[in-house]
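Have a look at the model first, then read on.

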Amino acid sequence: MSGEPTYGFDTLQIHAGARPDPATGARQVPIYQTTAYVFRDADHAAALFNLQEVGYIYSRLTNPTVAALQERIATLEGGAGGVCCSSGHAAQLMALFPLMAPGKNIVASTRLYGGTVTQFTQTIKRFGWSATFVDFDDLDAVKAAINDDTQAIFGEAIANPGGYIMDVRAIADIADDAGIPLIIDNTTATPYLCRPIELGATLVVHSTTKYLTGNGTVTGGCVVDSGKFDWAASGKFPSLSEPEPAYHGLKFAETFGPLAFTFHGIAIGLRDLGMTMNPQGAHYTLMGIETLSLRMERHVQNAQKIAKWLEDDPRVDYVTYAGLKSSKYFDRVEKVCPKGAGGLFTFAVKGGYEACIKLIDNLEIFSHVANLGDTRSLIIHPASTTHRQLDENQQRAAGAAPEIVRVSIGIEDADDLIMDLDQALSKATA
Ligand SMILES: *Cc1c(COP(=O)(O)O)cnc(C)c1O
């Protein structure tokens, strides 16, 4: 589907996966708003259903607009192939599904998007899967958490809510030693800032809802496979290495090589779980990705400037942005995300919970929403919203203490954002 990138990122974000429409010459990727595709004849249909020929059958599995997006994201990540799905959470399930079975577990970072913590602690139990949460800064603890039933390691390159940075290379080495894949959620970094596959990750998942689309219009997700993991080596991944009864005993790893995981995602995952991205959604995301690098540069520039301003402000206790020298993750930026520490961080307001609420209620440009990665600046107070159900100790452990707010810095004028924060901080701490 896509090879090693030969062009630069700015070229690929516009061109990868897209070619003039063969029927009309349309330059932009058309929205193929269709559920089904006419077979040339009965033999063609049979070959498609047997996976002997690649083509379009039904849009729950494949659609040309979605295929263009899959190829574009896979190319930007330097992967062999990608599968888009209906949301970031769907992508996470789609990444785990071929690897897991009842009784199996994953080792996951304690620093994850709140919804992912819920998915991993509660929902996956219903499949008989479980997750062990470990502080990924403690490499010995990560190693110790892996047992014979561990099928994968899962973490975020730049983690919510504080913008913490994971040492992807160090964790990838641990996964290699254990013979299991490392899955990186690269949503908050994007392939522009961080290239997990180059750092040793096997699979990359995205919520395309966030920076990839970039303007808060559609939900979507994507799983990218590096194509580098040998699924047959250990016997631990029978879905990929053993005969598949639903396809006449076909073995995905043997038949599709580096595209085994991608073909499994489409031919089994989307076929049976049905978490499909629609072509209209794919179109919005394709439009967004065309300007990804430009937006990310501005997100980083603005975040850097605003984080510094906040850190120097007496009404603010501390700021968690990894781009600041005061961050314990500052040295990792160069290694993990050399183009910058992203647009997401938290800061503590003097005056605690009450001051945070007042700050948010008095902001004019920032929107109070449960989202991130939008062109517009967003703010949320985790303790009264997303982390409300936790007690104070749990909130602190999750980086969501009562006195902090999380911001997703947009691409507006940084000086306007600073002016807005300034006036709202005055009212909040008066
Ligand atoms: C939003 C988000 C998700 C979930 O994605 P949805 O598209 O909302 O399902 C997963 N991981 C991270 C880091 C996110 O920000």
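Between domain 1 and domain 2, the count comes to eleven residue pairs in polar contact, both residues at pLDDT 80 or more. A polar contact here is a pair of N or O atoms within 3.5 Å; within protein, one must be able to donate a hydrogen and the other to accept it, and residues adjacent in sequence count only if both atoms are side-chain atoms. Keep in mind that this is a predicted model: local features need pLDDT of at least 70, side-chain atom pairs count only at pLDDT 80 or more, and totals for chains, interfaces and linings use all residues. Residues are numbered from 1 along each chain as its sequence is written, and side-chain values use heavy atoms, with hydrogens and water left out.

- Strand E6 (164-165) and helix H8 (190-193) each supply at least two residues to the side of domain 1 that touches domain 2; helices (H or I, at least four residues) and strands (E, at least two) are DSSP runs, numbered from the N terminus.
- H8 gives the most to that side, with four residues.

**Salt bridges**
- The rule (a side-chain nitrogen of Lys or Arg within 4 Å of a carboxyl oxygen of Asp or Glu) finds three salt bridges across the interface of domain 1 and domain 2.
- Lys 328 pairs with Asp 137 in a salt bridge, and their closest N and O atoms are 3.6 Å apart.

**The two domains**
- An automatic or database domain assignment gives domain 1 (20-288) and domain 2 (292-428).
- Their C-alpha centres lie 29 Å apart.
- Contact (heavy atoms within 4.5 Å) links 28 residues of domain 1 with 35 residues of domain 2.
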